[in-house]
Amino acid sequence: MRAFVTFCISFTCLGCLEPLLSATDRTLRMFITYFNWFVQPDAIKNYLAGVRQLHLQRGHEWVPVAAKHAVATTLQGVKRCGGRPPKPVVPLALADLAKMALLISMHDLGQEALWAAILVGFFGLFRKDNLTTGKAGAWSTRGVLVRDDILFQEVRFVMWIRVRHSKTIQCGERQHWVPLRAVPGSLLCPVRALMRLIERTAGRPGDSALFVMEKVTGRQASVVPLTHDALVAGIKALAMWDPASYAGHSLRRGGATVAMRQNVNNMYIKMQEDWKSDCFEPYCELDTKHKLVLPGAMAKAAAALL
């Protein structure tokens, strides 16, 4: 707000601008272009929010930027010229998980819960909102997995996990069951990791959070739901080779990438975590072998002619 007022006063003195309020499209376009020299394009929207607040406080009408064609195109233009390209998180690979497994201490509840959440998120292609909560003291059973959401079929060594709320299940209109297969004898077995956690936290109510951690307040320790921050911090701590490149979404991207590299049909990948479209495809990163499949096929077809 202060930046806009200072800008308008300075340029009005030079005879370049109209009155401060209500700001014309020309004024807003010059404001965007001027501040593009000093701040990142993505930050300009914060300054525009201040301009909006100034108008509303003074009783002036404010038309959203999206409805101002000239202003919106100027904002888009500065983003294209000076904006930062998106930097998606790096997907975790099976080899990465194998290195992480050696760093986990199964004697610590928080470490055991973190490892179970990582494996379930990876093999189940779960969103972090289903695995964790934003704040340990203010969580809801609506979307976070609870103990009653687990069904184990011992005969087939399969664990089924029920999703009651997600981006594709907004109103509880249905339930989605995600299967996990056991990997006998492997440190990367999601079923074994989850069963160990359930046994360790036996006695907790069925509607309590599935993934938990210990919270120490003074001399007292309590068990609370695993939070987003704790999950991301745990992943970064285990990914010592490049912690800044990994986050909670690395689990979902990594699982989808492994499935695609194993030539799993897209339909099964979409079914695993209830994708309604092919939006998961950008998540997957093909290795050199798979990137050479198409040019190799074309070269083979060309060679057959001559």
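Both Arg162 and Asp149 are buried (under 20% relative accessible area, with exposed meaning over 50% and partly exposed in between, for a 1.4 Å probe and protein chains only). The two side chains form a salt bridge in which the closest N and O atoms are 2.9 Å apart; a salt bridge is defined as a side-chain nitrogen of Lys or Arg within 4 Å of a carboxyl oxygen of Asp or Glu. Arg162 belongs to strand 2 (residues 158-163), whereas Asp149 lies in the loop between helix 7 (128-131) and strand 1 (150-153), so that the pair links parts of the chain 13 residues apart. Helices (H or I, at least four residues) and strands (E, at least two) are DSSP runs numbered from the N terminus. The model is a predicted one, in which local features need pLDDT of at least 70 and side-chain atom pairs count only at pLDDT 80 or more, while totals for chains, interfaces and linings use all residues. Residues are numbered from 1 along each chain as its sequence is written, and side-chain values use heavy atoms, with hydrogens and water left out.

In total, the structure holds eight salt bridges. One of them joins Arg196 to Glu112 at 3.3 Å, N to O. Since Arg196 lies in helix 8 (residues 190-200) and Glu112 in helix 6 (residues 109-124), this pair ties together parts that are 84 residues apart in sequence. Glu112 also meets Arg200 in a salt bridge of 2.9 Å, N to O. This second pair again links helix 6 with helix 8, its members being 88 residues apart. Through shared partners, Glu112, Arg196 and Arg200 are joined into one network.

A nonpolar surface patch of about 440 Å² is made by Leu102, Leu103, Leu187 and Met240. Patches comprise residues with over 30% relative accessible area and no salt bridge, like charges being joined within 9 Å and nonpolar side chains (Val, Leu, Ile, Met, Phe, Trp, Tyr) within 5 Å; accessible areas come from the Shrake-Rupley method with a 1.4 Å probe, only the protein chains shown counting as cover for residues. Leu103 is found in the loop between helix 5 (94-101) and helix 6 and is partly exposed, with a relative accessible area of 39%.

The largest pocket contains about 490 Å³ of space. A pocket is an open set of points on a 1 Å grid over the protein atoms alone, where a 1.4 Å probe fits, with protein on both sides within 12 Å along at least five of seven lines; lining residues have an atom within 4 Å of a point. Of its 19 lining residues, Phe123, Pro179, Ala259, Val264 and Gln272 are the closest to the centre of the largest pocket. The lining divides into 14 nonpolar, four polar and one charged (Ala, Val, Leu, Ile, Met, Phe, Trp, Tyr, Cys and Pro count as nonpolar, Asp, Glu, Lys and Arg as charged, and the others, Gly among them, as polar).

The second largest pocket holds about 290 Å³, and its lining comprises four nonpolar, four polar and six charged residues.

Key: Points joined across faces, edges and corners; volume = space filled by probe spheres on them.
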